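Hi,

Here is the structure I promised to pass on.

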Amino acid sequence: MNTRDIVLIALFAAIIVVLGLLPPITLGFIPVPITAQSLGVMLAGCILGAKRGASAVLLVLLLVAIGLPVLSGGRGGLAVFAGPTAGYLVGWVFGAFVCGLVAERLVREEQPELTQFLSFLAAAVIGGIGVVYLFGMPWLAYMSGKAFFETAAASLVFLPGDLVKAFVAMLAGRAVLSGYPLLPQRA
Amino acid sequence: MLNGLDIEGNSPLHRMPVRGKLLLLFAAAIALFLLSDLRLLVPALGLSVVLYLSTGIGVGEAVRRTRFALFTVLLVAAANYVFQSPHEGVVVFCRLSTLVLLAAAVTATTSISAFMDEITRLITPLERFGFVRAADVSLAVGLVIRFVPEIFARYGEIAAAHKARGLPVRPLTTLVPLIILTLKDADTIAMAIDARGFRRH
């Protein structure tokens with residue numbers, strides 16, 4: 001990794017932190033407010049690619065662990081990793097990696113617009129939702145003891161919000177690719 | 001804007017070395033998951049409350065910091081209470097909230113620089129395998145702390161520019177310029193870092 005990669009990782013981590021400072025948005029048809037922070041995870045993969053994207057998310061989690069209140073709602077510290085939802089945070093790192101991996105494989109600059117959109121959407125849904133849930137739900141289930149099925153099922157209320165985010169990540173990922181492409185330049 | 005969550009003080013937890021605290025926290029987590037006897041879990045919860053408050057954190061601040069984690073714990077415990085048994089609900093509640101409070105106590109008594117020193121020490125042996133360099137990690141942490149206020153201000157500017165043009169401030173139309181403007185700085189910052197010779201090999 002050269003200095004530029006390290007700076008890109010740090011700047012993207014800072015963007016993810018800033019996304020957590022913005023007030024959550026409430027959409028009429030979804031029961032839970034949406035925070036932009038997990039959108040940052042999808043974007044990290046879609047924009048920086050697998051390795052740098054996952055590093056940016058990992059850097060955010062490092063800041064959380066050393067006691068900076070950088071998660072949405074001013075959460076931070078080791079207590080976040082002790083709670084039942086810590087699996088989603090761990091899943092962020094792998095989610096950003098898979099999201100980047102899919103985007104790197106599918107997206108090419110010379111492709112038509114629609115193909116790029118669909119590729120980014122696939123990356124955001126597989127990495128940013130599928131992989132994140134894959135880590136988050138079993139962890140939550142394990143922490144919940146015997147009522148694991150019910151709590152894991154309840155976490156699905158976040159799915160509509162995450163689908164909205166995947167859609168935003170698709171649009172933003174493609175817009176950044178045309179404005180300032182970083183994805184093809186693999187780290 | 002980015003202040004750490006550590007509280008100044010001189011309690012026993014403050015004086016303990018960081019590695020010791022982390023190892024104890026890890027051991028406590030394993031022990032808590034092996035235990036399911038309420039005669040041990042209830043006193044453990046009481047002990048963790050005492051320990052957390054002994055750090056000199058006020059009750060209000062203590063509640064504010066842990067309320068989200070405790071809320072999720074409460075939901076999980078309630079699910080156990082309803083779908084399993086009241087006993088199971090109380091066990092899960094005691095176990096998880098003890099862990100949350102202990103972790104919060106470690107965070108409240110450890111400064112960011114102490115954590116960074118410990119992380120540097122943990123990473124240094126890994127340098128031999130070429131995964132990551134400890135100096136790069138500290139550099140990246142420093143860069144984030146330095147640039148968060150700037151990026152936040154830039155978001156404010158982009159939102160103001162939207163309003164000046166009579167456009168609604170939508171996540172998508174603010175996000176893309178924010179990301180492109182921020183990442184475009186990377187080359188200049190990287191050059192500045194290299195010019196100063198921070199990353200000597």
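In chain B, H7(B) passes H8(B) in a right-handed crossing; a crossing is right-handed if the near helix is turned clockwise from the far one by less than a right angle, and left-handed if anticlockwise. Before going on, some housekeeping: this is a predicted model, where local features need pLDDT of at least 70 and side-chain atom pairs count only at pLDDT 80 or more, while totals for chains, interfaces and linings use all residues. Residues are numbered from 1 along each chain as its sequence is written, and chains are lettered from A and ligands numbered from 1 in the order in which they are written.

Back to that pair. Helix H7 (residues 134-164) and helix H8 (residues 171-184) of chain B have axes that come within 10 Å and cross at roughly 135°. (Helices are DSSP runs of H or I, at least four residues, numbered from the N terminus; axes are lines fitted to C-alpha atoms over the stretch in contact, with angles from 0 to 180 degrees between N-to-C directions.) H7(B) and H8(B) are therefore oblique to each other, oblique being whatever is left after under 35 degrees (roughly parallel), over 145 (roughly antiparallel) and 65 to 115 (roughly perpendicular). Among the H7(B) residues that meet H8(B) are B:Ile151 and B:Tyr155, and the H8(B) side includes B:Pro177 and B:Leu181. Contact here puts two C-beta atoms, placed from the backbone, within 7 Å.

Chain A has a crossing to look at too. The axes of helix H6 (residues 113-143) and H8(A) come within 8 Å and cross at roughly 135°. That makes H6(A) oblique to H8(A), and the crossing is right-handed.

How many residues does each chain bring to the contact between them? Chain A gives 50 and chain B gives 59. On the chain A side, H1(A) supplies the largest share, 14 residues.

Leaving aside neighbours within four places in sequence, A:Arg75 is in contact with A:Pro69, A:Val80 and B:Phe68.

Cheers

Technical notes. Helix = DSSP H or I, 4+ residues; strand = E, 2+ residues; numbered from the N terminus.
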